[in-house]
Every structure is written in structure tokens, then in C-alpha cells.
Amino acid sequence: MSKQINTYTCLSLDDFGKGIIKDNKNTFFVDNLLPGEKAQIETTFNYGKITSAKVISLITKSKDRVIPKCKYFSLCGGCSLMHLDYKKQLEYKRNKVKNLIHKFTNIDIEVNDTIPSSDIYNFRNKIQKPLGVSKGNPYFGYYQESSHKLIKIDECIIESALSNKICDTILKLIKKYKYNIYNEDTYIGNIRHILIKTSSFLKCLVTIVTKDENLKGRKEFAKELISYHPEIEGVVLNINKNKTNVILGQKEIPIYGKDFIKDKIFNYIFTISSSSFYQTNSSMDETLYRKAIELASLSKDDRVLDAYCGTGTIGISLSSKVKEVIGIENNPSAIKDAFFNKKRNNINNINFILDDATNYINKTDKRFDVIILDPPRKGTTKEFVLACKKIKPKKIIYISCDPVTLARDLKYFLPEYKVEVVQPIDMFPHSYHVETVCLLTKK
Ligand SMILES: C[S@@+](CC[C@H](N)C(=O)[O-])C[C@H]1O[C@@H](n2cnc3c(N)ncnc32)[C@H](O)[C@@H]1O
């Protein structure tokens, strides 16, 4: 398809925050275009009836348009809604959840208003950045959407301010220690990614992901880094030898200090290792868990399954309200943390099992009154849902970070379960992502 320039009016936003426009033949998906806005559009890419396009000039502006605070907005693509007023972002997310549930299940369910994030800048407690080199100087960046082009980014305003500063020092030290940056095309070089987790106590854990574990002077590097930033409690080396875009490898070597961070949720202290999952917006952890616990309306006789439990944060947070909790998780590092968290918080009615959630639920003969599941983005499995239905819990709490897989999985729960409450929570301001907590009750 040859490139064409035409004038259109945007009809709505798609599930990725792109403006949708249509003509007689095609549907176009356009970055940085809001509903009601008229613009000159140039087509950029065509796949069947679906066409990407970019704005050449904006003719009329939406009253919901705001100036994005980030100087990389048009290049990076990570915060694809930053040009939309925050209240409207929340509305968009609510409608997205509602429409997707309707599309997959055919039920017209009431979806609550999205709970806003307490912080909408500097809220991300975890960063994982690839590196590039320009004229011999290393830099951090993010990949441009749907491309392998690394955009140099000096500061990311949704990430913790502290981790931005640490990144600056890491670049200086990488140069000083003459470390090579990994090139994913040639497979040459060593440093692949830097991960930084920041706790709400403003303590950090830095993970250096390398192709090779021979990183000369790594202990001195770590010590020097900590001397500039005493907030760093530990530096870990993660080795990923594979030609892959998966960030972390299997092997980890603590280089200096601790190999975990500690954080507080309600009155519990949690240990989180470098490769264990942790919710990325600490300002909203308690809001999310409080909502899940409130919807479960637990009683002292309840036995709860916390499937996809990570480091045990949800199960431990609700343990005092119930008789027994079993947490299932397939990441050995997270399960190790979960056991540690059980011990350090003196919880006696919780147990953790290292297993695939579907595998566990298929073979267990335990009865559960409430099942909580918080799977990764790809959702759960149909087998998990069918096994869940056999157990017949009174309530199911489904926590999801992707409404597409949530909507797909909710369908499997019907008709034996009713989708009673759907509560979107904004854990990811400025992006099209949304967290959702659902209550399903046994009919
Ligand atoms: C979205 S996180 C939720 C973790 C925890 N509930 C929390 O709030 O921190 C999903 C978790 O599921 C785990 N996981 C992924 N696939 C799994 C599977 N097939 N079986 C069990 N756990 C799995 C991941 O390692 C991760 O810890």
C-alpha cells in the first residue's frame, strides 16, 4: 500500500490507547490521537484491512488532551496515554474492562469506576533497562514500540527518582570498569540489562544481567556503586547466556551485600529477591490487596487457596482472618521468599507449595471456601478453571493485570459462577494497562 495523506476524525481509542479512524475500506490505528480530534494522517504500515498511521498535523484538539510531561513521549511508546487527562485515562480503563468482558462473555456487567493511583509519577518501584552504546558511551534506553530501536532515555518520570540517579552512576562506572555492552544482534558484549527494585523504605537492590559471569572487578564495581548510593542494600549478578529477549537468566550470584529488598505491606514485612515478582506500584499494593480481601468477605472458618502467590504477599496479608491458607507458586525463588516471609511474620496457618497452579489444583483433594488467583499476564488455564469449579468454592477472587485474558478466563467460570463485582485499579498510570479485581460467587 502506498503512503497516503488524508484528513480524518478519530472515533475512539483501541485497547492499546491508539486512536481509531475508519474510511470505506480501512481501519487505521493512530498513535497520539484522541476521540473527536481531526487530523491529517499518513499511513505507515498496512496489514490486510488494518493500517497503522501517524498524525502529520492536528487540526482540532480534544479538550481532554494534556501536554505529556515526558520529553520522550512521542518516541518511547511506554506511556501511550500520557497525552490524555488522568481522569479520562481512568474512564478509558473502566470502559476497556467492561467492553472486553462483554466481548468474551456476552454479559453486560456493571464495572466500578477505576480506583486512581495515589502517585502518578515516579511510582514504578522496578526498572529493567537495556543498554546501548553511542560513540563509545553506554546509555540506557527503551525499545521503541514494535521495534528493536533502542531510544536513549536519560530519565523516566514514572520510575522511582532514586533509580534514575543510580542509573546515571552505573553508566559512569560501566565506562570506568571498561565493561562491554551486549549487542543482541551480534551476541557480542556482556552487560545486557540493569534491574533496580526500590522498596517503599527507599532501599534498593541492583541486579546486573550479563551474558557471561566473568565480570572483572565486579565486587569493586558494586562497592563503588554503593559508596555513591548508600540506599543500595545489595548488588546481584544474573547470568543469561541465551539468545533471547527474556531478561533474566536462571543463575544468580550475589556480588555484594543483600540479595533481596524488604518492604512493608499493612503490618507485614516482606522479603523480595531479585527474580521474585513484586507489584510494581508500591503506592497501590495495599489498595489492591485491601480490595481483594474486602470482596472475599472472609470468615474464621475459611480455607483459602492463594494461587500464583508470588512471595506470599496476599495470603499472608489475609491470614489472620481465616483458618488456613495454601499458596501455590512455580518460581523457586518466590517460594523461598514466601517461606521466609511466613517465618519472619510469625504466621502459622499458611503453607506454600512449589508447583504449577493448574497441576496443583488438578490433583489436590483439599476443599477451599475461597480461591484467589493472581496469574501473570497470560492468565490462567481452562483446566485450572474447570478444576476450580469441581472444588466449588463459595467465592473466587480473580486479580488480573490483563483484561483480555481476564475476560477470556471469566467465560470459563460461567454459568456456575456469577461475576458479581469488577473493580479496575490503576496500578499503571499513563499506560493502557489496568489491574482488575473480580468477585465471582457460586450460583
Ligand atoms: C502477577 S504475579 C502475582 C504474585 C502475587 N500474588 C503478588 O501479588 O505479588 C503472578 C505470579 O504467578 C507465578 N506463576 C506464573 N506462572 C505460574 C504457574 N503456571 N503456576 C504457578 N505460579 C505461576 C509468577 O512467578 C508470579 O509470582
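This is a predicted model: local features need pLDDT of at least 70, side-chain atom pairs count only at pLDDT 80 or more; totals for chains, interfaces and linings use all residues.
Which of the 18 residues around the ligand come nearest? Phe277, Tyr308, Gly310, Asn330 and Ala357 do.

View 1. A residue belongs here if its C-beta atom, placed from the backbone, lies within 6 Å of the molecule. Two elements give two or more residues each to this shell: α6 (313-318) and β17 (324-329). Sorted by class, the shell holds 10 nonpolar, 5 polar and 3 charged residues. Here Ala, Val, Leu, Ile, Met, Phe, Trp, Tyr, Cys and Pro count as nonpolar, Asp, Glu, Lys and Arg as charged, and the others, Gly among them, as polar. Local features need pLDDT of at least 70, side-chain atom pairs count only at pLDDT 80 or more, and totals for chains, interfaces and linings use all residues. To find your place, note that residues are numbered from 1 along each chain as its sequence is written.

**View 2. Serine 333 in helix α7.** Helix α7 covers residues 332-344; helices are DSSP runs (H or I, at least four residues), as are strands (E, at least two), numbered from the N terminus. Serine 333 is buried, because 20 other C-beta atoms lie within 10 Å, and 20 or more is the cut-off for buried, with C-beta atoms placed from the backbone.

**View 3. Serine 333 and its partners from elsewhere in the chain.** Beyond its neighbours within four places in sequence, serine 333 is in contact with Ser273, Ser275 and Ser276 (C-beta atoms, placed from the backbone, within 7 Å). Serine 273 is 60 residues from serine 333 along the chain, yet their C-alpha atoms are separated by 6.9 Å.

Note on methods
A residue is buried if 20 or more other C-beta atoms lie within 10 Å of its own, exposed if 12 or fewer, and partly exposed in between; C-beta atoms are placed from the backbone. Two residues are in contact if their C-beta atoms, placed from the backbone, lie within 7 Å.
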